[in-house]
Number of protein chains: 4
Amino acid sequence: MKRLKLGMVGGGQGAFIGGVHRIAARLDNRWDLVAGALSSDPVRAQASADDLGLARSYTSYEDMAKAEAARDDGIDAVSIVTPNHMHAGPAIAFLNAGIHVICDKPLAATQDQADDIAHAVENARAKGTHFILTHNYTGYPLIRQARAMVARGDLGQIRVIQAEYAQDWLAQAPDPDNKQAAWRTDPARAGGGAIGDIGTHALNLASFVTGQRPAALAADLHSFVGGRMVDDNAHILLRMDGGARAMLWASQVAVGSENGLRLRIYGDKGGLEWGQENPNQMTFTRFGQPKQILTRGGAGTGPDWTRIPPGHPEGYLEGFATLYADAADLIAGTGDGALLPGIEAAMDGMWFIAACQASSAKDGVFISRGQ
Amino acid sequence: MKRLKLGMVGGGQGAFIGGVHRIAARLDNRWDLVAGALSSDPVRAQASADDLGLARSYTSYEDMAKAEAARDDGIDAVSIVTPNHMHAGPAIAFLNAGIHVICDKPLAATQDQADDIAHAVENARAKGTHFILTHNYTGYPLIRQARAMVARGDLGQIRVIQAEYAQDWLAQAPDPDNKQAAWRTDPARAGGGAIGDIGTHALNLASFVTGQRPAALAADLHSFVGGRMVDDNAHILLRMDGGARAMLWASQVAVGSENGLRLRIYGDKGGLEWGQENPNQMTFTRFGQPKQILTRGGAGTGPDWTRIPPGHPEGYLEGFATLYADAADLIAGTGDGALLPGIEAAMDGMWFIAACQASSAKDGVFISRGQ
Amino acid sequence: MKRLKLGMVGGGQGAFIGGVHRIAARLDNRWDLVAGALSSDPVRAQASADDLGLARSYTSYEDMAKAEAARDDGIDAVSIVTPNHMHAGPAIAFLNAGIHVICDKPLAATQDQADDIAHAVENARAKGTHFILTHNYTGYPLIRQARAMVARGDLGQIRVIQAEYAQDWLAQAPDPDNKQAAWRTDPARAGGGAIGDIGTHALNLASFVTGQRPAALAADLHSFVGGRMVDDNAHILLRMDGGARAMLWASQVAVGSENGLRLRIYGDKGGLEWGQENPNQMTFTRFGQPKQILTRGGAGTGPDWTRIPPGHPEGYLEGFATLYADAADLIAGTGDGALLPGIEAAMDGMWFIAACQASSAKDGVFISRGQ
Amino acid sequence: MKRLKLGMVGGGQGAFIGGVHRIAARLDNRWDLVAGALSSDPVRAQASADDLGLARSYTSYEDMAKAEAARDDGIDAVSIVTPNHMHAGPAIAFLNAGIHVICDKPLAATQDQADDIAHAVENARAKGTHFILTHNYTGYPLIRQARAMVARGDLGQIRVIQAEYAQDWLAQAPDPDNKQAAWRTDPARAGGGAIGDIGTHALNLASFVTGQRPAALAADLHSFVGGRMVDDNAHILLRMDGGARAMLWASQVAVGSENGLRLRIYGDKGGLEWGQENPNQMTFTRFGQPKQILTRGGAGTGPDWTRIPPGHPEGYLEGFATLYADAADLIAGTGDGALLPGIEAAMDGMWFIAACQASSAKDGVFISRGQ
């Protein structure tokens, strides 16, 4: 299969998610990371590039977009792994330069930034330039299995969704040196708190699996840790455009929770449950029959999107890698990217953040899409 | 220990919960069931009494209350196990006759009925006559353990509560012959649907463990099965009087759920999780330490309220029996009944049902206690 | 249903299993406990009888057997809940007196005692007097479900059995005041250590479910705690008379295990797994299909032997009670007692203990039945 | 960090484990796969090399060893991923050529082959050439955590080991086209059946964690599927050289088991349990305290050997990759390879296979090391 060339914006020394993107891109051997603007600090940018053995290191994403677009061997795609408020600049620059964009979530820190990106994505689409948002949990094989089961009617008409994403790493005031905590709890850089960082993942997963998008929501946001400027616990009721009712809980103060992303879906014919921390199994019940345990690649599931036989667990990195593999197929023309989250999912997430904040500010009244 | 004499109203042939109360009363050998008005149908009442070998069978609870109060060997307490709309009559009659009342939940089908009972309870209290509501899940040893842990500060200040009670037995229209389904989905007899039948249990458990009562709520009730007159799925946000925020989900259409009552509590120092279907274990995490699995009577827990050593599972009947044992102690003067749900919990449940219906009717606005 | 009268030998103040038998006998309301020889110490016997409100207290089981047999309102059956070396005397006395015997397990402390009981059982059988051994775990509804599934061929030809019973209460030298530990680790009173106290349960369960009896075994017994005179850890390989191969592990030194009785059965068409600590669910897999979770009374299982609906857990006491209910049916002539463990299971257990000791003494060679 | 050059013998089109080795080698970005003798069939070798974009494709491992040793840019190490009976040839050739060898397990199909490899390893060691056996499960972070906990005494003196590896893919006669099944059930190519393919993994894991090696064993091997020439179910009792007693079950006919490798270790102070199918958590109990759930990288565990934060599951490929990363460190001189399985573990596995077969042939008598 054709190998592709990848660039990266952000992800220098000390960053978290950049390293994850790099492993994910490498795992299926489809991408070569060759260029980067890894840090806005030139010294750190170069040191980071040296660590990674990058062929080309830039100190500005604008320069990088221009230079790479001009090269015969320029990058095919760029991964944007900066904090949320730094997505719009590089995303627009690379899209405008005709370079495919793989962007971390949520889309942006503000609705204005998001709208600007959406505008650029629309223009780029006409020229065949793709935009992908790394809602990586959609890459888990059993999540894609669940989506296929809903689509073919195994659960019947979807009625109820229970989505949650619980962590505890912000249950107390973090160490001031914790850079991850610093920007993720800064309204200017992050936009939202738990709702943006993890709530958008839970929403996206619910939509991805059910095919229903959020139509209205009511939210009760709270910040339990003194001095925190963003929400650290969010209780949300949703009405989906296909008629399902949902509850969504996002929390960073749920002591004892590491990365508790969990999805439960109920239709009139069946129900299923999946949890991210043990992603290789899912339960499914047809009404009136015994509950089944479906395993990744096991009996009753498709072998798609898996690398190794059932019983040999795949994890977070493998799921993330599947997005990079799909992106490679999309760009190389060997796949249609139908399962890749794009600007629609991205804008749903932005609406979700804004609507949560608006509802909570009005004592939890329901806010409808279009309001 | 002193043995006591028990009567029963309701619970004749074909009923469900009456049989449960009888086993629960028998398990710890504190009660003799000696009298009953088991059915409003005289023939069925007598046949039911014969089945049980009751000494005295009545055809009306009014007669029974009078006659038993007049006997030297009259019953000490009566269990009321009729449908919700039939609680008020017997409860008031027996309380007024000076006979202790053990009443199934929720308290009543309407607020008026509930107020009448509450009035009778208040009068009876002055005379030392007790009223107990069988929120039986409070009898599980680990639930009492959790309450003790919260009370002594193991979890710190409680911030977040996640309570849920999911079933699937009403996911489709029930058989018309199903008497349990018939009255439980009839607004006149039941009062509410999922919110009353199971939602009140979830609320009660959350309050029992945390010591916080509901101060305000917003609800999105729904009825998914065509023709159903009561809610079968309820999504509720709560604000508790001690500052905790809660989500409560009650559903009778969650396919794959048998009796999924589950409680998760998070404070600033710790978090715990418990589920009714495997009630002999609970997880507890102190912030920053490994999660612990606490077992009923096992290391790190009190031996209280258990009958057999850890590892030998106790279940639903044992938990229910603990309420009868505590009631016996309270009535015999060998216990203070401090853990027994009474009229306060009962009235919280009635407010919960009414507030859910009111909020949902107003598109989910928050309704405060006192409004 | 006809009520029966029960007597008890052993089970006085401070004993453990006697109290369990009493609750089990009471739970389904078929038995009245009316007589007992609760202790060999007359003062303690009377005090214990007073605690229980027994009509008739004896100081010797011989007197009791004679006196009860002579009364018109004498006991129908006796429960023998003494230490193992004290089973034979009362069992034989009551059988010879024509009174049905319900005896705790294992059958006896020595093979000679066992043979004497077996002889008495044979004589009694001719007169319609029954002998029941309380291998109580056979009363769990899902264990009976498993047996039915094997019998009807759901698993095909049984090939492999994995049985284990792990505890940790003897992982260190017990407190000298611990009476339970004292007699259970005394060769004279107990006969065997882990093999007798818990290993026989695991063996019995394996046989009960598969219908295969032990044909040969090899054992590696060990005593890890200094000064202990009986085995506290047993590793056993078994060959069953129906061709299945089995492993059986019994341990009282497995730190972190409370009462870990677990059974896994594999045939050429299916496999199942069950664990006693969460006895209300079992997994079952048909070869090539998804694993199913079967719940007590839930979809795909029979409603037999259960008292309350699926999702409301039943436990150890309920399972134990089912043996008493079955015994009542057998004695009253309303049941055939086909599922009750009797002298055959009892003698299998005695062979198991002796063969484990013989094999281990010969460095683990296989010992065959009949050798 | 220094990048290294890797070659591969075996692993051409249609093979299984070769692909796993390649992902594992790639994941941490330490290795470039540049050469291979991927198949003994020249056409398939070349096609396979083309698929992988290999710089150099060979048709014989002898040629490859010579040519690569002679090049300035020759491979640093070779991965041998052929069936068991084809390990010795390439292993010896590359070792003799001074090229480090990473070899799949078990070491060989016969003891003679194993001895030859061991001899070559000994000679190579003197020249600084390393031999690594990919007992990949040792790369799971929690397995290394468990080893560290045993080593520092958290469990006290180890008494009991329960190791098992259960699968069901050979529960029925496999499709004749199934190449994996074909060689793995062929005595000439595989050496043993379940004992070699998976039993050696279970043994290795038990030894790796406890630091105790097998001293004696008794085995009851069986082949349940008609016509099968190797064991498909093995029941084994072990005595370890440090005094622990062990049971080991290896089965390929345990219906409902995908890849059920499970390890339980009990000492006088603590016990732990781990299962491969959900490798990111382990339970640990200190005697008399509540059981703890330890998670990969979570509270109470070291962050070592993990790539991503707790709660984001790592799996089989990540564990396997850790062996390649450690091998890179060992070869590059940046690590001591102390945790890498080598010839000692390999020869323990060969003894295990032979002793199982010998014991089983003698009706299960214990066979001691050195016999």
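Predicted model: local features only at pLDDT ≥ 70, side-chain atom pairs only at ≥ 80, totals over all residues.
Residues are numbered from 1 along each chain as its sequence is written, chains are lettered from A in the order in which they are written, and side-chain values use heavy atoms, with hydrogens and water left out.

**Chain A with chain B**

- In contact (heavy atoms within 4.5 Å) are 46 residues of chain A and 46 residues of chain B.
- The buried area, meaning the accessible area (1.4 Å probe) that two parts lose on being put together, summed over both, is about 3800 Å² here, and carbon and sulfur atoms give 57% of it.
- On the chain A side, R159(A), V255(A) and F287(A) lose the most area to chain B, together 18% of what that side buries.
- Eight salt bridges cross this interface, each a side-chain nitrogen of Lys or Arg within 4 Å of a carboxyl oxygen of Asp or Glu; one such salt bridge joins the side chains of R264(A) and E164(B), at 2.6 Å from N to O.

**Chain A with chain D**

- Here 28 residues from chain A meet 28 residues from chain D, and about 2300 Å² is buried between the two chains, 59% of it on carbon and sulfur atoms.
- R26(A), E258(A) and P313(A) supply 24% of the area that chain A buries against chain D, more than any other three residues.
- Zero salt bridges are found across this interface, although 13 residue pairs are in polar contact, both at pLDDT 80 or more.

**Helix α1 of chain C**

- Helices are DSSP runs (H or I, at least four residues), numbered from the N terminus, and in α1 (residues 17–27) of chain C ten of the eleven residues are buried, that is, under 20% relative accessible area (1.4 Å probe, protein chains only).
- Just after α1(C), N29(C) takes a positive phi of about 65°.

**Nonpolar cores**

- A nonpolar core is a set of buried Ala, Val, Leu, Ile, Met, Phe, Trp, Tyr and Cys residues joined through side-chain atoms within 4.5 Å; the largest has 214 residues, and W31(A) and W31(D) have the most contacts inside it.

Definitions and conventions:
Polar contact = N/O pair within 3.5 Å; in protein donor to acceptor, adjacent residues only side chain to side chain. Buried < 20%, exposed > 50% of the residue type's maximum accessible area, 1.4 Å probe, protein only. Helix = DSSP H or I, 4+ residues; strand = E, 2+ residues; numbered from the N terminus.
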